[in-house]
Amino acid sequence: MNCVSPLGIDLVSNWTQLLKGNSGIVQHDVGRIKNSYTSKIAPEEAIELLTPAEDSTLLERMLFTTAKPIVAKHAPTSRTAFVFSTTKGNVSFLEEGRTSDAALSVLAKKAAEALGFKTQPIVVSHACVSGLLALAVAKRLIQIGQYDDAVVLAGDVVSEFVLSGFQAFQAMSPFPCKPFDKDRAGVSLGEAAACVYVSKEKGAFKIVGEAAINDANHISGPSRTGEGLVQSIQRAANEARMDVMDVDFISAHGTATLYNDEMEAVAFHRLGLQEIPMHSLKGYYGHTLGASGLLETVIALKAMQEHVLLPTLGFEELGVSQPVNIIRTITRQPLMRLLKTASGFGGSNAAMMIEKVDY
C-alpha cells in the first residue's frame, strides 16, 4: 500500500507527519477563489512527483507516483484487475474545452497504460464512498474468481470546480475542519492519491466483510437516522461472522459538516459502538473525495501495523447528540480489527471490516 498527499509523497513520510500531528490544511488560492482552507500539494513538493508523460497533469503524476512502487513489486498479469476510483478526475480540462479528455475512462486508460496493466480498467465513481467501494469491488472480483489479484488506485485534486460546488452548499469551513467538534463549521477539501494491492494469496491483512447500502435519503443530505450506514456495517459484520463490537477501532468518514458527523454518531450509537475508539483523518488531509476512503484505509492499516491510534485533529469538545469515543491523543495498544466507514452524496454509504492476519 502507498499514498501521496501534501504531507508526503509516500506512506512513510505521511506516517511521520501524522505522528507529529501536522496537517496539510492551510490557506490557498484555488483559481478565482482566494484564501480557502484546503490541503493542496505545494509546487515545491510536486517537483518530487514522478512524471509518466511530458503533458501529465498533477493528478496523473500523483497517481503514477503512488502506484509505481506497487506494480514494480507486483507486476500486473492478464489475471490482475485494475480498479480506479475518482470523483472528478481531470475535470479542469472542461475549462479548456477538452471535453473528451475530461472523461474518467480516459484518465483510467492513461493510468493503466503508464503502469503496464494488461486488463481494461474498472472505474468506480460513486460520490465520496468511491475509494472504499473500489476496494470492495476488487475484493469481490477476486472472491468470485474473475481475477487472481488487483491493484486499487484512487485520486482526486482540489479544483475551482469542486471547491465552488461545496461553497454553493455552504459546506466549506472558514478554518481547518474540526470533525465531531461542537464548533465545527464545515468541510475542508484536500487532494491525495492512494494505492492498495489485493490478492487471493494470504497477506498481512484480510478483508473479512464489506457492504454498501444506499438509503437514497437526499441528493446531498445524509439520513437523519443513519439507516444506510447502519445497514452497511451490519451486513459487513454478517459477512465477517463477527459481532460489530469485536472491532478495535473505527476510522470514520468524519467530514466535520453538521449533518454528516451527527448521522455517523447516531448510526454508531444505534449499533452500540459508542465506546469503540474512533477517529476521523479529515483534520490532517481534508476531504480528498474519491481518494478519501482508500487513503484513510491505508493510514488505518499502517496504524494497525504500528499499534497506534491516531487522534482526531481539531477535535476539542463533542458536538453531536450521541456519545462517541473520539480519540484525542496518540495511544499505543494492540490493534487487530478495523471498521472503516464512508458516506457520500445521494445516500451513499459503505463499511468494511479488515482483520490483521496472525502469521
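Analyst: Searching the whole structure turns up one cavity of 30 Å³ or more. A cavity is found on a 1 Å grid over the protein atoms alone, as a set of points where a 1.4 Å probe fits but cannot get out. Grid points are joined across faces, edges and corners, and the volume is the space filled by probe spheres set on the points. The largest cavity holds about 40 Å³ of space. Its lining consists of Asp215, Pro222, Ser223, Met263, Ser343, Gly344, Gly347, Ser348 and Asn349, where lining residues have an atom within 4 Å of a point. E15 and E16 are the elements that give two or more residues to this lining. Such labels are DSSP runs numbered from the N terminus: helices are H or I runs of at least four residues, strands are E runs of at least two.

The model is predicted, so local features need pLDDT of at least 70 and side-chain atom pairs count only at pLDDT 80 or more, while totals for chains, interfaces and linings use all residues. Residues are numbered from 1 along each chain as its sequence is written, and side-chain values use heavy atoms, with hydrogens and water left out.

Six strands in the order E9-E16-E15-E10-E11-E13 make up an open sheet with mixed pairing. Two strands pair if DSSP finds at least two bridges between them. E9 and strand E13 (325-326) are the edge strands, since each pairs on one side only. Strands of a sheet pair through backbone hydrogen bonds, either parallel or antiparallel. E9 and E16 run antiparallel and are joined by seven bridges. On this pair, Gly209 stands opposite Met353 in E16.

Two helices lie across the sheet. Helix H10 (residues 292-306) lies across E9, strand E10 (249-251), E15 and E16, and runs at about 165° to E15. For these angles, axes are lines fitted to C-alpha atoms, for helices over the stretch in contact, and values run from 0 to 180 degrees between N-to-C directions.

H7 covers residues 227-240, which is 14 residues, and spans 20 Å from its first C-alpha to its last, close to the 20 Å expected at 1.5 Å a residue. The expected span is 1.5 Å times one less than the number of residues. Which residues of H7 are buried? They are Gly228, Leu229, Val230, Ser232, Ile233, Ala236, Ala237 and Ala240. Buried means under 20% relative accessible area, exposed over 50%, and partly exposed in between, with a 1.4 Å probe and protein chains only. The buried residues of H7 pack against strand E9 (205-212), helix H8 (258-270), strand E15 (337-344) and strand E16 (348-356); contact means heavy atoms within 4.5 Å. Arg241, which follows H7, has a positive phi near 55°.

Most residues other than glycine have a negative phi, and most peptide bonds are trans. Leu289 is another non-glycine residue with a positive phi, near 55°. Leu289 sits in the loop between helix H9 (282-285) and H10. With a relative accessible area of 5%, Leu289 is buried.

E9 and H10 also take part in an open space. The largest pocket contains about 930 Å³ of space. Of the 28 residues lining this pocket, Tyr197, Val198, Ser199, Gly203 and Phe205 are the closest to its centre. Helix H3 (58-73), helix H5 (130-143), strand E8 (192-199), E9 and H10 each supply at least two residues of the pocket lining. A pocket, unlike a cavity, is an open set with protein on both sides within 12 Å along at least five of seven lines.

Strand E6 (residues 149-156) pairs with E8 in the antiparallel sense over eight bridges, and Asp156 stands opposite Ala192 in E8.
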